[in-house]
Amino acid sequence: MTTELRNVSKVFTDPRSGKGLVALKDVDLAVEEGEFLCLVGASGCGKSTTLNLLAGFESPSRGEVLFRGERVRGPSPARGVVFQESSLYPWMSVLKNVMFSLQGEERQEERAMEQLRLVGLEDFAHSRPNDLSGGMKQRVAIARTLAMGPELLLMDEPFGSLDEQTRRKLDTEVLNLWQRERKTVVFVTHNIDEALILGTRVVLMSASPGRIEREWRIDEPWPRDLASKDMIRIKGEIISMLQACPCANGAPAAMIDLEGM
Amino acid sequence: MEGREEATRAALEEGRAQFTFRSERGRLLVRGVGNAALGILLVVALWWAVAEAMIYIRGVSFPTPPETIAVLWELLRGAGINGASIYAHTSASLERWGKGYLIALVIGLSFGMALGTLPRLYEVGMIPVYVFQMIPGLAWIPIAMLLFGLGETGTVFIIAMTALSPIIINTAGGIREVPTVFTRVARMSGKDDSAMFFSVLLPAASLSIINGMRIGLANGWRVLIAAEMVVGVALGLGFSIYMSRYDLDFTTAFACIMVICAIGLTIEKLFFVSLENRVRHRLGLDREDQL
């Protein structure tokens, strides 16, 4: 087991408006070594909050977050995040962006190039991020996060803003990377198909307050066939639960905003 | 290389997705200069219309553009104002402006960076900045006189104080508005505070900082007349304009106003626009909207 949320609640309060939001309530989640865990659920159900807690960007209001048995006190290179939005520094070249996150001083350029080769972008090492397409930017972001040498890879809807075709291609790349590097991955998505194609385990969250609703283990080998009997059954179960749970109707808009604080 | 029309036609016929054509930079430059000239002509036309109307209605000798330009020409050829050439007046003003601005820059940038990075300090520290910003140029005169008496120091003080606020506000604001994701990347990469500041916060905020520097510079130049009221010596463009109310030589005052506008516009448009473009390029932001 790498990382664990133990009875975690996360509350956001806005002292100005006097409104509070329980983004997560009594969540227990253990990320197992080497697994590809997908967190799904409608927006506002606390997926991103869960990821931010694992990363150490947020701290829990109740309960504790443990990494290798130790309490998480802040972000660390051991837990790398790939963000949904473009997070590359536009004033650095692609190579410099990757080098920025490298740990250790020696052979920086060489090691950064290695990471770029892994995502197939070594030819763009000296380009600026804004010269790249959205899909390429996210590949660089993945290379940069891998350059930190993380034991846990946290991905927050990394391909959410990309077109369907690019997303599928990058899903496959992430899968290959995971199989080759044997990292532990937590992958947040609102796309059920994406979760079913990637995950060894799919965890469904629901909102108001955010909690874990149910989880499925998926043992099918890759490449997966979404039309197989098991997949159709699981997808059907997820969809029916999504419709039943209150988050499908959406939490009040003002409340959802608080999650980003 | 082909022109735009032919290149477009050829690309459509041959079914190519991308094509290049002869750059029209020259034409765009001519148009830019033409637009600037038209805009300036518009100001002159308005000025002239008002001048003629005032001469007709109120019977005052409102300086017209041709009269002013004639006086300006004489001044440029060496005629004196209050016993000094226009060049002496201009360089005296430029020197005060430079000194005041330099002081504002040093204080403004360091204060702005401190306020931008320390949230608790920002909440309290920005209140005085906003208060200073609200004090009109002329209102600094009694303060400057009480602090320094008549003389050069008071003038430089007024210029510095009016240039200061926008520099602080934009520097602090720019740093505070750096996207969370940028700072999160640095934190998870294990960067210390100084790497965070110099590699992330400063470059991310630099366009906003330059904008503050630009507004500060313009503020300092515009306050010149007020600032030179306390200068005590008969030298300076602002001083000359101020003196015209006593000797009623409004045409010379107008010529001085023209010089002030010309210098301000030149520095703003030539220096700061190119500085901003260069920084934009360095930051890799100039390619954002391209193909």
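**Notes on the two-chain model**

1. Ten residues of domain 1 of chain A touch ten residues of domain 2 of chain A, where a contact means C-beta atoms, placed from the backbone, within 7 Å. On the domain 1 side, helix α5 (residues 164-181) of chain A contributes the most, with four residues. By class, that side has seven nonpolar, two polar and one charged residues. Here Ala, Val, Leu, Ile, Met, Phe, Trp, Tyr, Cys and Pro count as nonpolar, Asp, Glu, Lys and Arg as charged, and the others, Gly among them, as polar.

2. Before going further: this is a predicted model, where local features need pLDDT of at least 70 and side-chain atom pairs count only at pLDDT 80 or more, while totals for chains, interfaces and linings use all residues. Residues are numbered from 1 along each chain as its sequence is written, with chains lettered from A and ligands numbered from 1 in the order in which they are written.

3. Back to the domains of chain A: domain 1 covers 3-78 + 151-259, and domain 2 covers 86-149. These bounds come from an automatic or database domain assignment. The two centres, taken over C-alpha atoms, are 25 Å apart.

4. As for chain A overall, it has eight helices and ten strands; both are DSSP runs numbered from the N terminus (helices H or I, at least four residues; strands E, at least two). Its C-alpha atoms fill a box of roughly 50 × 50 × 35 Å along the principal axes.

5. Between the chains, the contact takes 17 residues from chain B and 21 residues from chain A. On the chain B side, the elements giving two or more residues are α8 (180-188) and α9 of chain B. α8(B) gives the most, with six residues. By class, this side of chain B has eight nonpolar, four polar and five charged residues.

6. Within chain B, have a look at helix α7 (residues 152-176) and helix α9 (residues 193-222), which pack at an angle of about 160° with axes 7 Å apart. Axes are lines fitted to C-alpha atoms, for helices over the stretch in contact, and angles run from 0 to 180 degrees between N-to-C directions. α7(B) and α9(B) are therefore roughly antiparallel, the word used for angles over 145 degrees.

7. Which residues meet there? Among them are I159(B), P166(B) and G173(B) from α7(B), and L201(B), M213(B) and G220(B) from α9(B). By class, the contact of α7(B) with α9(B) has 13 nonpolar, eleven polar and no charged residues.

Definitions and conventions. Angles under 35 degrees count as roughly parallel, over 145 as roughly antiparallel, 65 to 115 as roughly perpendicular and the rest as oblique. Two residues are in contact if their C-beta atoms, placed from the backbone, lie within 7 Å.
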